[in-house]
Protein chains: 2
Amino acid sequence: MEQELAAVPQTAVVPFADRVAEAVERKRSQLVLGVDPRPELLPLELRAAAHAGRAAAAEACARFSCGLVDAAGPYVVGVKLQLAFFEALGADGLAAFEEACAYARAAGLLVIADGKRGDIGSTARAYADAYVQATEAGGPRVDAITVNPYLGSDSLEPFLAAARRSGTGLFVLVKTSNGGSADVQELTLSDGRPVWHQVAELVADWGEELVGEHGLSSVGAVVGATYPRAVGEARRLMPQAILLLPGIGAQGATPADVARAFTSGPASALVPVSRSVIYAFRVDGADWRTAAAAEAARLKREVWTASGW
Amino acid sequence: MEQELAAVPQTAVVPFADRVAEAVERKRSQLVLGVDPRPELLPLELRAAAHAGRAAAAEACARFSCGLVDAAGPYVVGVKLQLAFFEALGADGLAAFEEACAYARAAGLLVIADGKRGDIGSTARAYADAYVQATEAGGPRVDAITVNPYLGSDSLEPFLAAARRSGTGLFVLVKTSNGGSADVQELTLSDGRPVWHQVAELVADWGEELVGEHGLSSVGAVVGATYPRAVGEARRLMPQAILLLPGIGAQGATPADVARAFTSGPASALVPVSRSVIYAFRVDGADWRTAAAAEAARLKREVWTASGW
């Protein structure tokens with residue numbers, strides 16, 4: 001909320017979609033750093049702490065996360081922090097999550113909480129309070145959160161309300177990158193379409209009121225890069241949604257697989273990369289920060305080229 | 001894991017479903033206390049702390065949760081802790097969650113973490129590690145967790161693995177109690193059934209290998225008591241699943257609405273009650289513990305009678 005003016009607080013909130021667009025154009029990057037800290041995979045200098053009890057492990061994860069922000073920050077527009085890995089370390093892990101969030105925001109990066117939350121009524125509002133609602137302390141704690149659509153529109157309303165009021169964003173799971181995504185998402189509806197097409201249309205509807213100056217909505221969608229044809233279909237069904245496209249790297253997809261996601265503009269898709277960047281040191285043996293920076297820089301260029309912008 | 005014997009650790013794990021059945025029969029109760037601590041609704045004696053910063057608010061929520069365990073514990077078989085309300089207080093909230101979990105388990109109650117989690121691959125394993133996987137410290141931290149099926153079978157596999165290995169349970173969202181549940185769950189498939197019927201069949205399949213001595217599976221399902229007809233259909237589609245039936249009380253359903261859930265046995269369904277019990281003092285002005293105990297006792301009897309056992 002750096003641009004907030006005391007006199008006109010309502011209009012001065014810059015929508016998430018516009019902040020993404022500005023960052024993508026300034027950095028010429030559509031990359032998001034996926035931070036999935038697993039104690040057993042940490043670099044040698046942090047691994048001892050990772051096995052010295054939960055509090056030490058959480059602190060090691062925080063140091064790893066912040067080090068990655070320093071190293072890869074110049075090549076990405078944001079970080080996607082995977083809440084599960086922090087939650088696995090309980091209250092200490094949540095403290096590490098908060099530290100990593102604050103560090104990434106201070107570094108000028110957008111922060112996406114990857115929590116895939118979804119609940120109803122006052123519980124959904126509590127999740128919004130937890131992650132995206134503006135607090136008295138000033139400004140939301142993260143810029144966007146991933147959410148699950150299975151519970152329907154009323155479960156997403158508090159996140160939409162936060163988007164309207166505080167300029168935060170959300171990414172709704174539509175077609176996920178895993179094999180099991182077929183079980184529910186690919187079920188055939190009576191009109192012949194798969195379930196996820198209908199979810200995509202709901203996302204387009206929900207996002208219509210939240211389109212910013214760059215023509216993109218703050219209601220985005222998660223679509224697995226592992227299904228290139230689905231990426232193209234998703235682009236057509238949700239022309240204004242920012243698509244978050246996991247699956248490149250460890251899951252086997254390549255930048256070429258997501259090229260068609262970018263037809264709505266250079267910022268109309270974001271590519272999260274995690275394991276292939278943050279654990280690059282395990283492959284090439286270099287210093288972990290150096291290895292992460294090199295891999296992020298390489299992927300940034302490759303994705304930008306594939307995007308055609 | 002109280003009954004675990006050093007010599008035969010494998011066979012000594014009592015499956016979640018059997019622990020539920022044993023508790024239901026011993027206590028003649030199918031009630032689960034839903035703990036949704038909201039700082040702004042706390043009893044007067046705790047409310048000052050609730051507004052004295054996050055750490056104090058979290059501590060007040062822990063005291064409230066533990067006080068409810070003391071008061072309503074005799075009338076319920078378990079507690080369902082709503083993670084969102086703890087997460088809304090960040091790392092301090094998670095510490096309160098852990099305190100409440102430990103307190104409820106020490107009081108002999110089953111603990112269900114209501115987190116509605118769902119993710120893939122190593123992330124799904126991290127969620128299982130966080131909540132249901134047996135840890136080196138001995139035994140799982142909670143007895144069961146609620147999970148979201150939208151990402152499909154591979155997203156649930158780590159929870160099923162924990163169930164096999166550690167005797168924990170899971171409740172899969174099938175047909176939720178809110179109005180928006182129609183958006184995805186009620187979409188009509190090509191064979192004329194709603195999406196949630198297919199999810200129910202998946203749940204029955206996943207649960208088949210985890211049926212305990214009482215004929216019930218440790219893979220349960222969440223079905224909204226607000227849709228009485230769906231409760232009956234769910235019972236037919238998942239004859240061995242323990243149904244978790246939210247919606248009684250504040251959401252408008254009554255014990256009579258869930259009667260048909262119990263045809264597979266007295267423990268074949270659990271009824272979580274939250275607001276109407278934990279905030280009962282706000283209605284009748286009595287001491288909050290006394291009010292919660294009275295309302296839990298009343299509902300326990302009503303549900304038991306409605307169940308026909």
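Q: Which strand of chain B does strand 5 pair with, and in which sense?
A: Strand 5 (residues 169–175) of chain B pairs with strand 6 (residues 217–223) of chain B in the parallel sense, over 5 bridges. Two strands pair if DSSP finds at least two bridges between them. Strands are DSSP runs of E with at least two residues, helices are runs of H or I with at least four, and both are numbered from the N terminus.

Q: What kind of model is this, and how are things numbered?
A: This is a predicted model, in which local features need pLDDT of at least 70 and side-chain atom pairs count only at pLDDT 80 or more, while totals for chains, interfaces and linings use all residues. Residues are numbered from 1 along each chain as its sequence is written, and chains are lettered from A and ligands numbered from 1 in the order in which they are written.

Q: Back to the strands: what is the bridge partner of B:F171 in strand 6?
A: B:F171 has B:G220 as its bridge partner in strand 6 of chain B.

Q: What do the strands of chain B close into?
A: In chain B, 8 strands close into a barrel with parallel pairing, in the order 1-2-3-4-5-6-7-8. On average, neighbouring strands of this sheet are turned by 30° against each other, direction ignored.

Q: At what angle do helix 4 and helix 14 of chain B pack?
A: Helix 4 (residues 54–72) and helix 14 (residues 288–307) of chain B pack at an angle of about 50°, and their axes are 8 Å apart. That makes helix 4 of chain B oblique to helix 14 of chain B. Angles under 35 degrees count as roughly parallel, over 145 as roughly antiparallel, 65 to 115 as roughly perpendicular and the rest as oblique. Axes are lines fitted to C-alpha atoms, for helices over the stretch in contact, and angles run from 0 to 180 degrees between N-to-C directions.

Q: Which residues meet there?
A: B:G67, B:L68, B:D70, B:A71 and B:A72 in helix 4 meet B:R289, B:A292, B:A293 and B:A296 in helix 14 of chain B. Residues are in contact if their C-beta atoms, placed from the backbone, lie within 7 Å.

Q: How many residues does each chain give to the contact between chains?
A: Chain A gives 46 residues and chain B gives 46 residues. Helix 7 of chain A gives the most to the side of chain A that touches chain B, with 6 residues.

Q: Why do the copies meet through the same surface?
A: They do so because 100% of the interface residues of chain A are also interface residues in chain B.

Notes
Contact = placed C-beta atoms within 7 Å.
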